[in-house]
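Me: Can you walk me through this one? I'd like to start with a charged pair, then look at some helices.

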Amino acid sequence: MESYKQEFIDFMVESHVLKFGEFTLKSGRKSPFFMNAGAYVTGSQLKRLGEYYAKAIHDKYGDDFDVLFGPAYKGIPLGVVTAIAYSELYGKEIRYCSDRKEEKDHGADKGSFLGSKLQDGDRVVMIEDVTTSGKSMEETVPKVRGAADVTIVGLMVSLDRMEVGKGGVKCALDEVKDLYGFETNAIVTMKDVVEHLYNKPCNGEIVIDDKIKAAIDAYYEQYGAK
């Protein structure tokens, strides 16, 4: 596993973004882990987050894209900090764009989007925190494709939960890939997380001990993607 991925896993735990215990998800599933990207709140955390996204996007998609599109609301700061990091790390100017939940009907920037206007020929990388059901892609992919003659290069999320999506067989990222025809990737997968943290200290404590590991294994026995 690349060193930046190992650092990112530690960073998620340090930032209290990735937690282990017992959590009830929006889907009703009882999960032994929970991720909340809203816990990245400080300037240094957001700077580092953008750098990890930029490294993962550069690894998977190279430099051949023009726009980072982050679905509202959590995708807005993700797009901004990653565009900044991309400029600093790779010297390439990437524009950022996001959708609005409600269309703005006044002023010079009225319409359905924030940030850069999408243009014919743009190559777009979608950016999200985590994809559990693919619902945000259902809402935003048609908007992006309807705004201009663009190519969606792929989607990058921070964590692949590796559990079945709405179809009950494949994970949500694979469902998005099959439905829309673009690549889907994550900075790290839960397999990476378990491999890196199981019975190994992170900030001086073991966050995945035998009990948590057994709970994660049982969860994937029931909900893991085939």
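**Charged pairs and helices**

Reply: Let's start with Glu 2, which counts as partly exposed at 38% relative accessibility (buried means under 20% relative accessible area, exposed over 50%, partly exposed in between, with a 1.4 Å probe and protein chains only). Keep in mind that this is a predicted model: local features need pLDDT of at least 70, side-chain atom pairs count only at pLDDT 80 or more, and totals for chains, interfaces and linings use all residues. Residues are numbered from 1 along each chain as its sequence is written, and side-chain values use heavy atoms, with hydrogens and water left out.

Me: Ok, which residue does Glu 2 form a salt bridge with?

Reply: Lys 5, with the closest N and O atoms 3.7 Å apart. A salt bridge here is a side-chain nitrogen of Lys or Arg within 4 Å of a carboxyl oxygen of Asp or Glu.

Me: And is Lys 5 buried or exposed?

Reply: Lys 5 is buried, at 12% relative accessible area.

Me: Why would side chains like that pair up?

Reply: Side chains of opposite charge can pair when their charged atoms come close.

Me: How many salt bridges are there?

Reply: The count comes to 13. One of them joins Lys 170 and Asp 178, at 2.4 Å from N to O; Lys 170 is partly exposed, at 38%.

Me: What about Lys 213 and Asp 217?

Reply: They form a salt bridge too, and their closest N and O atoms are 3.0 Å apart. Both sit in helix H7 (residues 210–223), and because they are four residues apart there, about one helical turn separates them. Salt bridges that share partners also join Arg 29, Arg 161 and Glu 163 into one network.

Me: Switching to helices: what does H3 look like?

Reply: Helices are DSSP runs of H or I with at least four residues, numbered from the N terminus. H3 covers residues 75–90, so 16 residues, and reaches 21 Å from its first C-alpha to its last, close to the expected 22 Å. That expected span is 1.5 Å times one less than the number of residues. Its buried residues include Ile 76, Leu 78, Val 81 and Tyr 86.

Me: What follows H3?

Reply: Gly 91, with a positive phi near 65°.

Me: And which residues of H4 are buried?

Reply: Met 137, Thr 140, Val 141 and Val 144. H4 has 13 residues (135–147) and reaches 19 Å, close to the expected 18 Å.

Me: Last one: how many disulfides?

Reply: Zero in the whole structure, a disulfide being a pair of cysteine sulfur atoms within 2.5 Å. Cys 97 is buried at 1%, and Cys 171 is buried at 7%.

Notes
Helix = DSSP H or I, 4+ residues; strand = E, 2+ residues; numbered from the N terminus.
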